[in-house]
Amino acid sequence: MSRYPEELPLINRFKGGDQTAFEELVLKYQDRIYNLCRHILGNAQEAEDAAQDTFLKAYQKLKDFNPDATLYTWLYRIAVNTCLDYKKRPFFESLFKRADEGKKFVEEPLSDWPSPEKLYESKQLGLALCKSLGKLSLN
């Protein structure tokens, strides 16, 4: 039996086809998962992407969730593995390497986290930008 019985009705609702139940789970855990990703990756943008990927993976596998563990423990493991995958990507270091490496990196304040809506807008803007750049000619 899960140590957090209030999660079970949400999980069961999701398994029954109620998509709003998953939204409630995301709202409950998004800050903790983002903080974890931010701690591991040290970069706000990468942490946003990793947190979003964590919840995407959770959405795809929640039907297989074992209620003997806590949902947060399960999400935590997915997030850690996702962050480790991000760190393995060859462009990770070069993408966020500072132009001026002589200065100490100053982290953004953690209290200014973007909302899920801002994360979604940012992701959509990035996709639109990439699509537009792909249409430009080299001449």
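**Helix packing and aromatic pairs in a predicted all-helix model**

Ala-47 lies in helix 3 (helices, H or I of at least four residues, and strands, E of at least two, are DSSP runs numbered from the N terminus). The model is predicted, so local features need pLDDT of at least 70 and side-chain atom pairs count only at pLDDT 80 or more, whereas totals for chains, interfaces and linings use all residues. Residues are numbered from 1 along each chain as its sequence is written, and side-chain values use heavy atoms, with hydrogens and water left out.

Ala-47 has a relative accessible area of 0% and is therefore buried (buried means under 20% relative accessible area, exposed over 50%, and partly exposed in between, with a 1.4 Å probe and protein chains only). Its neighbours within four places in sequence set aside, Ala-47 is in contact with Tyr-34, Cys-37, Arg-38 and Leu-41 (contact means heavy atoms within 4.5 Å). Cys-37 is 10 residues from Ala-47 in sequence, and the two C-alpha atoms are 4.8 Å apart.

The protein chain has six helices and zero strands. Its elements run α-α-α-α-α-α from the N terminus. Of the 139 residues, 30% are buried. Among contacts between residues at least 6 apart in sequence, 66% join residues at least 24 apart.

Helix 1 (residues 7-15) and helix 2 (residues 19-41) have axes that come within 7 Å and cross at roughly 140°. Axes are lines fitted to C-alpha atoms, for helices over the stretch in contact, and angles run from 0 to 180 degrees between N-to-C directions. Helix 1 and helix 2 are therefore oblique to each other (under 35 degrees is roughly parallel, over 145 roughly antiparallel, 65 to 115 roughly perpendicular, and the rest oblique). Their crossing is left-handed (the near helix is turned anticlockwise from the far one by less than a right angle; clockwise would be right-handed). Helix 1 contributes Glu-7, Leu-10, Ile-11, Arg-13 and Phe-14 to the contact, and helix 2 contributes residues including Phe-22, Leu-25 and Tyr-29. By class, this contact has seven nonpolar, two polar and four charged residues (Ala, Val, Leu, Ile, Met, Phe, Trp, Tyr, Cys and Pro count as nonpolar, Asp, Glu, Lys and Arg as charged, and the others, Gly among them, as polar).

Helix 3 and helix 4 pack at an angle of about 130°, with their axes 9 Å apart. This pair is therefore also oblique. Its crossing is right-handed. Residues of helix 3 including Ala-50, Phe-55 and Ala-58 meet residues of helix 4 including Trp-74, Leu-75 and Ile-78. The contact of helix 3 with helix 4 has nine nonpolar, two polar and six charged residues.

A search of the whole structure finds six aromatic pairs (rings of Phe, Tyr and Trp, its six-membered ring, pair if their centres lie within 6.5 Å; planes under 30 degrees apart are stacked, over 60 edge-to-face, and the rest tilted). The rings of Phe-22 and Tyr-59 have centres 5.1 Å apart and planes at 80°, so this pair is edge-to-face. Phe-22 is in helix 2 and Tyr-59 in helix 3 (residues 44-61), 37 residues apart. Phe-22 is buried at 10% relative accessibility, while Tyr-59 is partly exposed at 34%. The rings of Tyr-29 and Tyr-72 have centres 5.9 Å apart and planes at 25°, so this pair is stacked. Tyr-29 lies in helix 2 and Tyr-72 in helix 4 (residues 71-88), so the pair ties together parts 43 residues apart in sequence. Both Tyr-29 and Tyr-72 are buried. Ring pairs also link Phe-14, Phe-22 and Tyr-59 into a cluster.
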